[in-house]
Amino acid sequence: MTATYRPEFEAALRTFARASAIMVAQGFEAPILVGGAAVEIFTASAVATGDLDVVTARQERFEAALRELGFVKPSGPGMSTRGWIHAELQLSFEVVSTELLDGLADRDRVVTLDFGADGRVRIISVEDMIADRMGQFASGTAPEMRKQARAMLVLHSDVDRAYLADRVIEETAGGYRIEDIETDRV
Amino acid sequence: MARRKAAVGDIDVPRNAGNRRTESKRALLKALGETGARW
C-alpha cells in the first residue's frame, strides 16, 4: 500500500487482512468491509474512523479470529455490544449483517486490497457504498450522507454509471437519481 | 484516487452524525473511547 491512508487506518486494514486470512485458511469466505471504514477507503481518509463494520455469514468464525488477534468483547455494567475492541490498537470491529446491503449489493463487484504478508481485505464496491449513503440520506435520518456520497463519486469518476444509477434508485425507493448527486457541490 | 483527490482539492466529507447508531454500536464506541481512541 502507499501513503493513501492514515497510518492508523492502514494498520487497522492490515489487522482486518490478518483476521480475513485466518478465516480463509480455515476454508471460509473472507468477510467484507462496509460502512464508515469503506467510506474512508473510498475517500482516501478524507473522513476517519477506528470502528470497522463487517459483513459475514460466519460471525462466530470471524470473532474467533479477532480473539486470536487479541480483541476482546467489552463487558461490564450496562455494556451490551456485539462488537469487539483492541485497546492497544484502539480499534473495534462489529459484524453488522450476514448479507451485503440486505442482499441488494452485487457481491461480484466486491473490491480486494492486497496487504502483502498480512493478507487481503474485501470491501463493498464504491457504487454500492454511494447508493447506501444515498439510501440513508433519503431516509431523512442522516443528512450528512449525501455529501459522503458526493465525495466518493467525485473521487471515482470511473464508476459503473449504469449500475450506480440503478442502485441509487433502488436504495432511495425512487426518491433520488444519480444526477442528483452529480449536480451537488463538493 | 490520490491523484484525483489532489486534483479536486479540499473535499468536504462530513463524519457520520450517529443518528442511526444501534444501542450495540453506542456501547461499542463508548468502550472504544475509553481506550483513548480518537479519530
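1. Chain B has 39 residues, and buried residues make up 15% of them. Chain B holds two helices and zero strands. Its C-alpha trace spans about 40 × 25 × 15 Å along the principal axes.

2. A word on confidence. This is a predicted model. It scores ipTM 0.85 and pTM 0.92. For chain B the mean pLDDT is 86, and 97% of the residues of chain B reach 70 or more.

3. Now the contact between the chains. Chain A brings 32 residues to it and chain B brings 26 residues. On the side of chain A that touches chain B, strand S4 and helix H5 (145–155) of chain A each supply at least two residues. H5(A) gives the most to that side, with five residues.

4. Chain A contains an open sheet of six strands. The order is S3-S4-S2-S1-S6-S5 (chain A), and the pairing is mixed. Strands S3 (84–86) and S5 (111–114) of chain A stand at the edges. Each has a single partner strand, so one side of each is left without a neighbour in the sheet. From one strand to the next, the twist averages 35 degrees.

5. One pairing deserves a look. Strand S2 (residues 51–55) of chain A and strand S4 (residues 91–97) of chain A run parallel, joined by five bridges. Within this part of the sheet, A:Asp53 stands opposite A:Glu94 in S4(A).

6. Is A:Ala117 buried or exposed? A:Ala117 is found in the loop between S5 and S6 of chain A. A:Ala117 has 8 other C-beta atoms within 10 Å. The cut-off for an exposed residue is 12 or fewer, so A:Ala117 is exposed. The C-alpha atoms of A:Ala117 and A:Arg14 are separated by 9.3 Å, although the two residues are 103 residues apart along the chain.

Terms used. Residues numbered from 1 in each chain as written. Chains lettered and ligands numbered in written order. Predicted model: local features only at pLDDT ≥ 70, side-chain atom pairs only at ≥ 80, totals over all residues. Pairing = 2+ DSSP bridges. Helix = DSSP H or I, 4+ residues; strand = E, 2+ residues; numbered from the N terminus. Axes fitted to C-alpha atoms, helices over the stretch in contact; angles between N-to-C directions. pLDDT = per-residue confidence, 0-100. Buried ≥ 20, exposed ≤ 12 C-beta atoms within 10 Å, placed from the backbone. Contact = placed C-beta atoms within 7 Å.
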